[in-house]
Amino acid sequence: MPDVAVVGFAQAPNVRSTPGTTNGVEMLVPIFAEVLERTGLSKEDIGFWCSGSSDYLAGRAFSFIAAVDAIGAFPPIHESHVEMDAAWALYEAWLKIRMGEVETALVYGFGKSSAGQLRRVLALQMDPYVVAPLWPDSVSVAGIQARLGLEAGLWSEKDLAEVAARSRADATGNPAAQVSGTVEVADLLDAPYFADPLRAHDIAPVTDGAAVLVLASAERAADLVDSPAVITGIEHRVDSPALGVRDLTRSPSTAAAGRALDLDGVELAELHAPFTHQELILRDALGLGEQVRINPSGGVLTGNPMFSAGLARIGEAANHILDGSARKTLAHATSGPVLQQNLVATLEVLS
Amino acid sequence: MKHLAAVLGTGQTHHKAKRTDVSMPGLLREAIDRAMLDAQTGWDDIDAVVLGKAPDLFEGVMMPELFLADSLGANGKPLLRVHTAGSVGGSTALVAASLVQAGVHKRVLTVAFEKQSESNAMWGLSILPPFQMPVGAGAGGYFAPHVRSYIRRSGAPDHIGAIVAAKDRRNGALNPYAHLRQSDITVESVQASQMLWDPIRYDETCPSSDGACAMVIGDEASGDAVSGGAAWIHATAMRTEPTTFAGRDQVNPQAGRDAAAALWRDAGIIDPLSEVDAAEIYVPFSWFEPMWLENLGFTDEGQGWKLTEAGETALGGRLPINPSGGVLSSNPIGASGMLRFSEAAKQVMGRAGDYQVDGARIALGHAYGGGSQFFSMWVVGSAKPGS
């Protein structure tokens, strides 16, 4: 089975609201061009295309069909779509290269969160018979999770503010970030609650965005870029949706995915944690020690484009291999209410 | 390079316009439990779950695989959700197969469903996003001009569509799971039914069904262990083209022709008409049988209807098409493609009951979606590829 490597990554600016349409075409066309130019590939060189998005975010059926227009898919292409974060589209593309069906793949994700009221839309991910009719909004559900950890003594409000302050400071180096800057933890703690015990800084901002990533077999990748980021492991798991049957202060699916990988020597990790306390849950689930740098991009607390944020974590983690600033990195993506579904990947320098 | 993969067992629900007796989890378990039993597989043997369905707006649940994780037996395992419009049931099966073909897993459960009665599919399809051409015609209104164009180009006589409808519905009467089971339907009765979108009559259209389909797909060792023989996956193909652009051939789309060419090449099939024993083709409106016969390369362009008229696509004919009754007999949209794939598998496993094609060794499963721009297909065989 051929190894698979990331050879290029691009993302649209993480903005509060794009003037573009819900199908992402305006955000996708420029970044397709950017990533193809960077890898020296043309549309015809791509063996497989796969995307991740959500009809509910777009407020319409078949929203991904119009996104295909951004490709210019004629002559016809080999293409597929997951109704998930595009990190899982990457997983499907990874399979296609692993099984030897194609040598290259382009993966993209897009989401216009601003088209609706995001936390209300996400309530519709819950059980439609007994939970969703109560409209449990996603921020409040995360607040329950944060409260459980506070009461169990697993973290303090100051711990959470420190995550937020570090993320914003790191995001000053990320031109795509929506939120960045130097802030004092004490000032953050003076802010009012948004959904007790969560304050605004604990919550990823509503973000429109898109991301694109190019994969190639390791053999092909070596011809395309100097230092391909080889995916040395990729695993994903799901947990029960019933909030009352699992310990919300832990992430068993992340832990299980991490256990299936070799995490020794990971230098930095891009974690998809839309709430400050979730970063702490994920660090614990993956056993990431103090020596591992967390979210040097600023993470999704500084820009959380739905359905491409997980893919962007893989892209950010790959960039450190591509530019030679790290030898082994970790990327994580999440989906569903309060870290229900999780994907973990390790990326390394081609040996 | 690819690992061998095979269908170990299949299951489906009874299809009806409204399955008010079950919730979504209950509907899925009806298909899954039958597939697990048919595959003689226990939950501990399942390494991953792949779920497919058409738009979330059809049931009014955002990413239903998340709330279904419990009933899918997916907790603690990998779960993927595929969505490629009407071709999704086929694409979902192909993603499940690729998990085995890539050597990642030994046994994968895949399931596709649509519970259209939970919401209103026509409402789900009728939202008008800004800056896009409204269709506003329903699926029949969208496809009727393509059918008229086919008739004009091929010179097919008027009654071909009725032949297909009568054949598929009579086949459906042999299938205990089919939604419509009309053993007494005739070409004449189809022709006497209400005209909906000229030239498509009421009896030439698919029903709107609640239903689900599931399969267990396994590796070579698992396939070898299937008593009576597994359905070995010989080749798979998917292709996509944009919905609308000047000069697009919507009667005989390039994406379908390209997918079929790749499929036959990878399956080592030179003359599909003589080498394929049974075909389950996505025919939601009767005239799509001759159209897809040509698009798939079973006949030259303009010749597909002659095979239908000669009765060669009926059970006992040269190429039985939709022996299960097809989409014209049951159409739970998200599951319809997987039903075609699983019915093809049942044929080569010899498990198709009263609609079994005698001696079927090679079968085609085919799905398409959207405005005929997404195609997904596989060839399965009773023997391993190349043997």
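A residue is taken as buried when its relative accessible area is under 20%. By this criterion Leu319(B) of the predicted model is buried, because its relative accessible area is 0%. Leu319(B) is found in the loop that runs between helix H11 (304–309) and helix H12 (326–329) of chain B. Residues up to four places away in sequence being left out, the contacts of Leu319(B) are with Leu273(B), Val276(B), Asp277(B), Ala278(B), Ala279(B), Leu293(B), Phe298(B), Glu312(B) and Thr313(B). In sequence, Leu319(B) and Pro272(B) are 47 residues apart, while their C-alpha atoms are 9.6 Å apart in space.

Chain A is divided into two parts, domain 1 (4–116 + 206–229) and domain 2 (119–204 + 232–349). The centres of domain 1 and domain 2 of chain A, taken over C-alpha atoms, are separated by 22 Å. Between these domains of chain A, 41 residues of domain 1 are in contact with 36 residues of domain 2.

Helix H10 of chain A spans residues 252–259 and includes Thr254(A). Of the 8 residues of H10(A), 6 are buried, so this helix is largely enclosed by the rest of the structure. The buried residues of H10(A) are Ser253(A), Thr254(A), Ala255(A), Ala256(A), Ala257(A) and Gly258(A). Their cover includes strand E8 (229–238), helix H11 (276–286), E12 and strand E13 (341–349) of chain A. A polar contact of 2.6 Å links the side chain of Thr254(A) to the side chain of Ser251(A). When neighbours within four places in sequence are set aside, Thr254(A) is in contact with Leu282(A), Ala285(A), Leu286(A), His332(A), Asn342(A) and Val344(A).

The second largest pocket has a volume of about 700 Å³. Its lining comprises 38 residues, and those nearest the centre of the pocket are Leu118(A), Leu122(A), Ser138(A), Phe275(A) and Asn304(A). Two or more lining residues are given by each of helix H5 (118–121), helix H6 (138–151), strand E11 (304–305) and strand E12 (328–335) of chain A. The most is given by H6(A), with 4 residues. By class, the lining of the second largest pocket has 26 nonpolar, 9 polar and 3 charged residues.

Backbone geometry was also examined. Most residues other than glycine have a negative phi, and most peptide bonds are trans. In chain A, a cis peptide bond joins Asp196(A) and Pro197(A), with omega about 10°. Pro197(A) occupies the loop between strand E5 (193–195) and strand E6 (198–199) of chain A. In chain B, Asp198(B) and Pro199(B) are joined by a cis peptide bond, for which omega is about 10°. The position of Pro199(B) is in the loop between strand E5 (195–197) and strand E6 (200–201) of chain B.

Positive phi values were found in residues of chain A other than glycine, including Phe62(A), with phi near 60°, and Leu339(A), with phi of about 60°. Phe62(A) lies in the loop between helix H2 (55–58) and helix H3 (63–67) of chain A. Because its relative accessibility is 15%, Phe62(A) counts as buried. Leu339(A) is placed in the loop between E12 and E13 of chain A. With a relative accessibility of 2%, Leu339(A) likewise counts as buried.

Methods. Residues numbered from 1 in each chain as written. Chains lettered and ligands numbered in written order. Predicted model: local features only at pLDDT ≥ 70, side-chain atom pairs only at ≥ 80, totals over all residues. Heavy atoms only, no water. Polar contact = N/O pair within 3.5 Å; in protein donor to acceptor, adjacent residues only side chain to side chain. Contact = heavy atoms within 4.5 Å. 1 Å grid on protein atoms, 1.4 Å probe; cavity = no way out; pocket = protein on both sides within 12 Å on 5 of 7 lines; lining within 4 Å. Points joined across faces, edges and corners; volume = space filled by probe spheres on them. Nonpolar A, V, L, I, M, F, W, Y, C, P; charged D, E, K, R; others polar. Domains from an automatic or database assignment. Buried < 20%, exposed > 50% of the residue type's maximum accessible area, 1.4 Å probe, protein only.
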